[in-house]
Amino acid sequence: MLSPAAAAGLSPRRKSLVLAICCVSIVVVVMDISIVNVALPSMGRDLHASESGRQWAVDAYTLVLAAFLVLAGATADRVGRRRVFQAGLAAFGLGSVLCGLAPDIGWLIAARALQAVGGTMLNPVAMAIVATTFTGAAERARAIGVFASMSGLALALGPVLGGGLVDAFGWRSVFWINVPIVAVAIVCAALFVPESRAERARRFDPVGQVLMVLVLGCVVYAIIESSALGWTSPVIIGLLAVAALGVAGLLGYEPRRTDPLLELRLFRSVPFSSAIVMALFALCGFGAFLFVTTQYLQDVRGLSPVAAGLCLLPVGLPVLVVAPLTGRAVGARGPLIPLVVAGMALALGGGMSLGLGPETPLPAVLAVHLVFGVFLGAVNPPITNAAISGMPRSMAGLAGSLASTGRQTGTTLGVAISGTLIGPQLAQGGTAFTGAAHRMWWMLVVLGAGILILAVISSGRWARATAERAGTRADSQP
């Protein structure tokens, strides 16, 4: 096990290598959320996929990530973070191969789920490795800022890379590119990443895991299929009822377990709870924006995949500048200012998008994308830092995985909701698209306002005191 003393004894070069390996892993995992979006039109035509099939090509990945991230983080704390990290890389690579070979949309969706199983063993585990490698508060904040900025950058640049790959080599290339990267990462992890475990191992919680999958799966399936079946359909009503019962089961069962899948005691920390909700709001907004925008640029405006990807470059460029600055600002002054900037940018981007249509001048479209880039660069570092600050080191993997679960759940819901709102009208273009999209853009304005409110609530002295108490209780109680 990597003790605090051993971590402190690692050379700066070794720590930098560990951070770089973790960043590579999160880049491929997160980029596969966004890189597929720009390939959806070509993929849909080639595989004869419906709009709900396109949604599932994205949501099968993010749904599995959201459902099993907590299990993966806790398992890594128990059996070894490097070991789980390497297993995740291997599973992700195998899933990528199967995606590249997919003969139909059903095969692709199943392969995307396998990819995500590997991804669950990378995202939160990499964050825990970073948190245990960088032991000082200031250096940890800076490292987390870099790590989180890679997540945002991968989301933003995925469509750019994906557009070039689709135009040059076809949509299958967006999956094949993962294979050599994963192979190199497996070797580097074996050479440079030290093994670490939690001081106290957590036991598996099968009931909690089943309930979590049940809740997330039922909610997402109901949202995606509601456009075809209708909200009053017995199937949709039944799914939502099962999800509600699942939530009640989690709230009733988890507090009675010694090692629950969902450590509800951590939610006594106002900054931690707010970070989870803000992560959900933020990625719900960005997931909806990305899903709709990539199809709007190609199906409504008639742009090629590479042109659509280049139009999203203004989303990625601000992340390169804003995210590192945000990481340093969080380490020096706390998360409030970056979160205020992020909330305002999301609300502003949603408001500006209300004017978008098939004939909107391209510079105006790019200006909207620039605002979303500022939002994405500012939102990830403070959320990530808030999620694990004040938490005991033994729960670093669990706390990090809960933050990642909030992100992936948000992305999943964003794609499901946006596809339901605009899917039937997207192919019609013109005023049909504009009218349907207005509801989604207003949703982003509301989500941005929610981040603003939570940022203020979670940054005060009282909120910080709840974080300290929650961390102390979680560490001391069995």
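Which helix holds Leu317? Leu317 sits in helix H14, residues 313-333. This is a predicted model: local features need pLDDT of at least 70, side-chain atom pairs count only at pLDDT 80 or more, and totals for chains, interfaces and linings use all residues. Residues are numbered from 1 along each chain as its sequence is written, and side-chain values use heavy atoms, without hydrogens and water.

**View 1. A nonpolar surface patch includes Leu317.** Leu317, Leu320, Val321 and Leu325 make a patch of about 370 Å². Patch residues have over 30% relative accessible area and no salt bridge; nonpolar side chains (Val, Leu, Ile, Met, Phe, Trp, Tyr) are joined within 5 Å, like charges within 9 Å. Areas come from the Shrake-Rupley method with a 1.4 Å probe, and for residues only the protein chains shown count as cover. Leu317 is partly exposed, at 46% relative accessible area. Buried means under 20%, exposed over 50%, partly exposed in between.

**View 2. Arg112 and Asp32 form a salt bridge.** The structure holds 2 salt bridges. Each is a side-chain nitrogen of Lys or Arg within 4 Å of a carboxyl oxygen of Asp or Glu. Here the N to O distance is 3.5 Å. Arg112 lies in helix H5 (residues 105-120) and Asp32 in helix H2 (residues 12-47), so the pair ties together parts 80 residues apart in sequence. Helices are DSSP runs (H or I, at least four residues), numbered from the N terminus. Both Arg112 and Asp32 are buried.

**View 3. Asp205 and Arg257 form a salt bridge.** Their N to O distance is 3.4 Å. Asp205 is in the loop between helix H9 (178-192) and helix H10 (206-229). Arg257 is in the loop between helix H11 (234-253) and helix H12 (270-300). The two are 52 residues apart. Asp205 is buried, at 1% relative accessibility. Arg257 is partly exposed, at 21%.

Methods. Buried means under 20% relative accessible area, exposed over 50%, partly exposed in between (1.4 Å probe, protein chains only).
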